[in-house]
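Visitor: I have a structure to look over. Could you walk me through it?

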Amino acid sequence: MTQVAHDEQDLVVRAAEGERAAFDELVRCHQSALRGWLALRLNRHHRAAVDDLAQDSFLIAYQRLADFEPGRPFGPWLRGIAHNLLRAHLRRNRPQLHAGDSLQDLFDGLVVQRVEDEDQVDRIAHLRRCLERLHAATAAVVRGHYFEGLSLEDLARRSDRTASAIGMALMRARRRLAACIAAQGKGSALVGGGGA
Amino acid sequence: MSDDIREQARELKRRWDDGSITPAERERLQELVVADEALADELVDDLMVDRLLRQAGAGADDEAFVQEVATRIDAQRTATDRSGSRPGHPHRRRPTPRPTPSRNRPWPGILAACAVVLLGAAGLWLALAETTTSVVSVTGTATIDGALADQGMVVPAGAEVAVDTGASVALRLAAGGRVQADQATIFRFERATTLRCTTGRLDCLIDHRARAVPFEIVTPHGRVRVIGTRFTVEVGASTVVSVEEGVVTVRESIAEDWRRVTAGERAVLGQVAALADLPGLLVHYDFSAGAGSVVHDRAGRSPALDLTITDGDAVRWLPGGGLELLAPTLLTSQQPAQTVIAACRTSDAVTILAEVRPAPPMDADDPLSFPRRIVGISGSTKRRDLTLGQGLYHGDPALIEVRVRTDLSDENGRPSIASTEGVVIDRRQVIIFTRDADGRCRLYFDGRPVAIRQVLAYDDPPVAWGSSAASDQMLPGSLDDWAADMPLLLGAELDASGEPKRPWQGTLYRVAIWDRALEPAEVAQLQRPGGSHATGHDVDGE
């Protein structure tokens, strides 16, 4: 067992014995990867549910610590909980949100096929590192849209370009980020043609 | 697939992203994706990065997420304990709790009002000409990360905005719209689209437009997500959301589901019961009489343990509630505090709450004048059951010390517990001490646990610490040793000759004692009206 895995087992044991700080540390260690895992599986109609489902997963994990089998890795067990919550959420919310959007269904299905692997890659962490490597002007557009909540029109006004030009710039940026994330993950695919 | 076709597909995907795609274009894009695997992979990559970026940009920051999970766990544990059942609880058993009345709400706690409301001015709508959050106007004292706010000042991401009582500040949002706040409001922009408000009131006018990232306000009790509207958020002991136009969705910290609040409706998050509803309350003084020489016990038990002010000229009643101790005096029960003593001897646990504003101590240079007694059950300066005081004998005059007599301590309740950080002089704050039946002690300032240490002795060296600092310390032993003949005293205690000694100066707002250790979630609810505020100039009703 690696040192990281050993430390994690120690946290799980201590959390099961009632040490809250140990469980808080487990949350800290796994929250980014779990939220990224959920974010990939939830399209724009369910985007707001990512953090809610992630929190629910940790709450259930806390309640079921006594059921957790010692020696097993915590991440996959946690994702199993999240997977069940995800399915229930989609069952409850699908009819209201995008009935009949076959293109959305197509893309959702393709994403699920791509990420069906149960690896423990923290893609959000990879993404953050890759963001730092973007050219400054490109990073500004990406941060403006995704982190500051600016619309394409807002960004276009700021840079004296059209909204469609901003949209294409964002696509090019995402392509670069995809290649970078795949390189960070070293085989956990986020590159065209890469398997999962 | 030719480059032209690939480029066409990318353009169609872009239009699909921003919602401008036509039905015919949608069908065309679907055909292209199905027909070419490499194109499908490229567009799926794009979609996945888009989803990761939206999560990275819109989700709570990492530590805030951890804290929200911790808050929900605490809330669920409190709710579970209230119902008396712990199905499948993985943790070790605590001592058998006293029977508690059944409750409808999962949140016991106190309603400490004081949302300071600023109703937005005359519909000032700010067009989105700027893409930074900046100050539109400021009246009185407001700060941004400690620096005085001024018109035109940019509010960077992560900055904390604090608005003093009587002051007002209006901000234009980078995310589009306006937020106005005044009167003891504190909030912080975690990012351009997420604002965390810990106390006060915000009047929000958010631009009606499609958002890449929803605008949210996070409070201690839940979240308010903007769909496009005008609304107010008042944060005190609970969060009240009032919608004037449009609709928002809200979610309690302990809940799973969002619910809509539409124009004309109002939602309350984190609604809690009054302090008096917390089980095990033995005495409760709210200093609301406004006049006279008697401080009434509002706990509702019989007999009530009213207190008599020994020197009426040494105190001043505050119009909005509170009693200022201007000179050495003593508030004492006329009989021994037998109901308190008997209950704590049975439960082996106790909680003391003291909401106070400490005055600069007189005789601060005289180390023998400390600790100053705030609340206690004692017979003399060397014989006590319980005392919460300010300052250490021969030590820091701002630390809080608590002495609890057990069968393992001396008659003076030593070794004792002391905080490692001091209270703030001339600032209103809530101090809560808990000791459970195992002897585990905790101390909180305004709902926040503070590190504490054991105090063994005072003379050699000035303070002899018995432990390193930690969030809890043990004072083991049974409270069955409590003497039954001691009165309850506030503001001082009696020496052997019956003279007031160790007088404390400041203002008393609330004092309460329970016969159990309140849970952290319950303590978090017992915030003072208006919450903590850096300036210390809050509403006293004067």
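What follows is a set of questions and answers on this predicted model.

Visitor: How far apart are the end C-alpha atoms of helix α1 of chain B?
Guide: The helix covers residues 3-18, which is 16 residues. At 1.5 Å a residue, the span should be 22 Å. The computed distance agrees with that: 23 Å.

Visitor: Which residue does Asp203(B) pair with in a salt bridge?
Guide: The closest N and O atoms of the pair are 3.1 Å apart. Asp203(B) sits in strand β8 and its partner in strand β10, 27 residues apart. Both residues are buried. The partner is Arg230(B).

Visitor: Why does Glu216(B) count as buried?
Guide: Glu216(B) forms a salt bridge with Arg225(B), with 2.5 Å between the closest N and O atoms. Arg225(B) counts as buried because its relative accessibility is 13%, and the cut-off is under 20%. Glu216(B) passes because its relative accessibility is 3%.

Visitor: How many residues apart in sequence are the parts that Arg373(B) and Glu493(B) tie together?
Guide: The two side chains meet in a salt bridge at 2.6 Å, N to O. Arg373(B) lies in strand β21 and Glu493(B) in strand β32, so the pair ties together parts whose separation is 120 residues.

Visitor: Are Arg373(B) and Glu493(B) buried or exposed?
Guide: The cut-off for the first label is under 20% relative accessible area, and for the second over 50%. Both residues get this label: buried.

Visitor: Which residue of chain A joins the network with Lys13(B), Asp17(B), Asp46(B), Asp50(B) and Arg54(B)?
Guide: Salt bridges that share partners join these residues into one network. The member from chain A is Arg174(A).

Visitor: How many residues does the largest nonpolar core have?
Guide: Phe287(B), Leu331(B), Leu488(B) and Leu508(B) have the most contacts inside this core. Leu488(B) touches residues including Val283(B), Tyr285(B), Leu305(B) and Ile513(B). A second, separate core has 45 residues, including Val141(A) and Met168(A). The largest has 50.

Visitor: How much area do chain A and chain B bury between them?
Guide: 75 residues of chain A are in contact with 67 residues of chain B. Of the buried area, 58% is on carbon and sulfur atoms. Gln55(A), Phe107(A) and Tyr146(A) supply 11% of what chain A buries against chain B. Between the two chains, the area is about 6,400 Å².

Visitor: How many salt bridges cross the interface of chain A and chain B?
Guide: One salt bridge is Arg35(A) with Asp62(B), with closest N and O atoms 3.7 Å apart. Polar contacts between the chains come to 14 residue pairs. For salt bridges across the interface, the rule finds 10.

Visitor: Which helix gives the most to the side of chain A that touches chain B?
Guide: Helices that each supply at least two residues include α1, α3 and α9 of chain A. The one that gives the most supplies 11 residues: α2(A).

Definitions and conventions
Residues are numbered from 1 along each chain as its sequence is written. Chains are lettered from A and ligands numbered from 1 in the order in which they are written. This is a predicted model: local features need pLDDT of at least 70, side-chain atom pairs count only at pLDDT 80 or more; totals for chains, interfaces and linings use all residues. Side-chain values use heavy atoms; hydrogens and water are left out. Helices (H or I, at least four residues) and strands (E, at least two) are DSSP runs, numbered from the N terminus. The expected span of a helix is 1.5 Å times one less than its number of residues. A salt bridge is a side-chain nitrogen of Lys or Arg within 4 Å of a carboxyl oxygen of Asp or Glu. Buried means under 20% relative accessible area, exposed over 50%, partly exposed in between (1.4 Å probe, protein chains only). A nonpolar core is a set of buried Ala, Val, Leu, Ile, Met, Phe, Trp, Tyr and Cys residues joined through side-chain atoms within 4.5 Å. Contact means heavy atoms within 4.5 Å. Buried area is the accessible area (1.4 Å probe) that two parts lose on being put together, summed over both. A polar contact is a pair of N or O atoms within 3.5 Å; within protein, one must be able to donate a hydrogen and the other to accept it, and residues adjacent in sequence count only if both atoms are side-chain atoms. Lists of a residue's contacts leave out its neighbours within four places in sequence.
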